[in-house]
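Hi everyone, thanks for coming. Let me walk you through the side-chain contacts in a structure that may be new to you, so please have a look at it with me.

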Amino acid sequence: APVHAPFDRRKARQIAKGRIEIEARIDLHGLREHEAHMRLAGFLRQAHAAGKRTVLVITGKGRVDDDPYRPFSMGDGRREPGVLRRNVPRWLAEPDLARIVVSYTTASIRHGGEGALYIHLRRPYGAHD
């Protein structure tokens, strides 16, 4: 699978300051692993097809003590702590997504910090970079 480029630090700072707009976002935290995987793939393909370049994926931090968004355990084994945070980078490396993802990096505190990622998507096929 193609290796992602390092995320442009200047671009990351501009997103953090609101100078570069986040064009789409998806919140995966609290979802079961399989559902999160399917939703992420569909979201990224749709954003790419629409020509969006900068998107935010919220995974949640996965640690009960410092993630206010983590749902209380329902006792149904929904997910182990941090499973989405660990898996999203692995999913982004799968051939189907690797071909549309240029790079990704941890979001700034303002956009979720360790519990979120900025993702830079390629231009749609046929468009010139």
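**Charged pairs and an aromatic pair**

Let's start with Asp-96 and Arg-99, whose side chains meet in a salt bridge at 3.6 Å from N to O. By salt bridge I mean a side-chain nitrogen of Lys or Arg within 4 Å of a carboxyl oxygen of Asp or Glu.

A quick word on what you are looking at: this is a predicted model, where local features need pLDDT of at least 70 and side-chain atom pairs count only at pLDDT 80 or more, while totals for chains, interfaces and linings use all residues. Residues are numbered from 1 along each chain as its sequence is written, and side-chain values use heavy atoms, leaving out hydrogens and water.

Back to Asp-96, which also forms a salt bridge with Arg-45, with the closest N and O atoms 2.4 Å apart. Asp-96 sits in helix α4 (residues 95-98) and Arg-45 in helix α2, so this pair ties together parts that are 51 residues apart in sequence. Helices here are DSSP runs of H or I with at least four residues, strands are runs of E with at least two, and both are numbered from the N terminus. Put together, Arg-45, Asp-96 and Arg-99 are linked in a network of salt bridges.

How accessible are these residues? Asp-96 is partly exposed at 33% relative accessibility, Arg-45 is partly exposed at 38%, and Arg-99 is partly exposed at 43%. For the cut-offs, buried means under 20% relative accessible area, exposed means over 50%, and partly exposed is in between, using a 1.4 Å probe and protein chains only.

Now, how many salt bridges does a search of the whole structure find? The count is 4. Another one of them joins Arg-39 to Glu-35, with the closest N and O atoms 2.4 Å apart. Both residues lie in helix α2 (residues 33-49), 4 residues apart, or about one turn of the helix. Arg-39 is partly exposed at 41%, and Glu-35 is partly exposed at 32%.

Let's finish with the rings. The whole-structure search finds 1 aromatic pair. Phe-7 and Tyr-118 form this pair, which is tilted, with 6.4 Å centre to centre and 35 degrees between the planes. Rings of Phe, Tyr and Trp (its six-membered ring) pair if their centres lie within 6.5 Å; planes under 30 degrees apart count as stacked, over 60 as edge-to-face, and the rest as tilted. The pair links distant parts of the chain, 111 residues apart: Phe-7 is in the segment before α1 (9-16) and Tyr-118 is in strand β4 (residues 116-121). Phe-7 and Tyr-118 are both buried.
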